[in-house]
Structures are given as C-alpha cells and as structure tokens.
Amino acid sequence: MAVSLSSSFHGSWAKSFAPCEERAMLAAAFAPSPKMGNVNEGKGLFAPIVIFVRNIIGRKRFNQLRGKAIALHSQVITEFCKTIGADSKQRQGLIRLAKKNGEKLGFLA
C-alpha cells in the first residue's frame, strides 16, 4: 500500500512511499547523532559495579581514578615487557589487548 504525499502549497509531490520506507526515513531523520564512547557501554561482567561506583563518587572523580588505574596498568605492562625483552611494538600490542579485554569485561563502562 503506497501513501501519496500532496500539499496545496507545492502541488502534488510526485513521490509515493511504501509505509515501511516512510518509517525508515522518519527514523533516520530523528535518530540520535552518533556519540563518541564505548560501544560496550553497560555490557560486561563488571559493568554494573563500575556504573554503581561512578554514580556514587561522580563522573569527574571516577574518570580521574580510572585514568590513574589505566596508567598504572600500562606501567606494569611496560615493566613486564622490559623483563622479558619485548620490543615497543609488542608492548603496544599488549596495551591494546588490555584495553579490548577491559571493554569486554565492562571495566570501561
């Protein structure tokens, strides 16, 4: 079933839209703009705890503490790489892997 759109001001619109196409167009027009951030927001085993703590201590303080924890974790990875003789490329790979795992587990929620 097609819906014909017309207006007395502009005359007949020569386009007809199927109801599903019309809904898709409306949904796209009113969809929220994409935001930067974690695609796993609220997902993961530890996400509820992380969100709970963030709500209690506040986002600003929480982000400061999270930044310090991430920096410490990166230092541990760096020291580990020095101990085993891994080069900087391998170190960066381990840091990226730690970030991916943190997202999956919900630490970055």
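What pattern does the chain follow, read along the sequence? Going along the sequence, the chain runs β-β-α-α-α-α. This is a predicted model, where local features need pLDDT of at least 70, side-chain atom pairs count only at pLDDT 80 or more, and totals for chains, interfaces and linings use all residues. Residues are numbered from 1 along each chain as its sequence is written, and side-chain values use heavy atoms, with hydrogens and water left out.

**View 1. The whole chain, with its four helices and two strands.** Helices (H or I, at least four residues) and strands (E, at least two) are DSSP runs, numbered from the N terminus. Of the 109 residues in the chain, 13% are buried, buried being under 20% relative accessible area, exposed over 50%, and partly exposed in between (1.4 Å probe, protein chains only). The chain exposes about 8900 Å², and 64% of that comes from carbon and sulfur atoms. Those areas are Shrake-Rupley values with a 1.4 Å probe; for residues, only the protein chains shown count as cover. Take the contacts (heavy atoms within 4.5 Å) between residues at least 6 apart in sequence: 46% of them join residues at least 24 apart.

**View 2. A nonpolar surface patch that draws on helix α2.** I49, F52, V53, I56, I57 and L65 make up this patch of about 550 Å². To get into a patch, a residue needs over 30% relative accessible area and no salt bridge; nonpolar side chains (Val, Leu, Ile, Met, Phe, Trp, Tyr) are joined within 5 Å, like charges within 9 Å. Helix α2 (residues 47–57) supplies the largest share, five residues. I56 sits in that helix and is exposed, at 58% relative accessible area.

**View 3. Where α2 meets α3.** The axes of α2 and helix α3 (residues 59–84) come within 6 Å and cross at roughly 125°. Each axis is a line fitted to C-alpha atoms, for helices over the stretch in contact, and angles run from 0 to 180 degrees between N-to-C directions. The two helices are therefore oblique to each other: under 35 degrees counts as roughly parallel, over 145 as roughly antiparallel, 65 to 115 as roughly perpendicular, and the rest as oblique. On the α2 side, V50, V53, R54 and I57 make the contact, while α3 brings R59, R61, F62 and L65. Two of these α2 residues, V53 and I57, turn up in the nonpolar patch too, and so does L65 of α3.

View 4. Side chains of opposite charge can pair when their charged atoms come close. E79 is partly exposed at 45% relative accessibility, whereas K82 is exposed at 59%. A search of the whole structure turns up one salt bridge.

**View 5. Two residues of helix α4, N101 and Q90.** N101 belongs to helix α4 (residues 88–105) and is partly exposed, at 36% relative accessibility. Its C-alpha atom is 9.9 Å from that of G44, 57 residues away along the chain. Q90, also in helix α4, is partly exposed at 47%. For Q90 and T78, twelve residues apart along the chain, the C-alpha atoms are separated by 10.0 Å.

Technical notes. A salt bridge is a side-chain nitrogen of Lys or Arg within 4 Å of a carboxyl oxygen of Asp or Glu.
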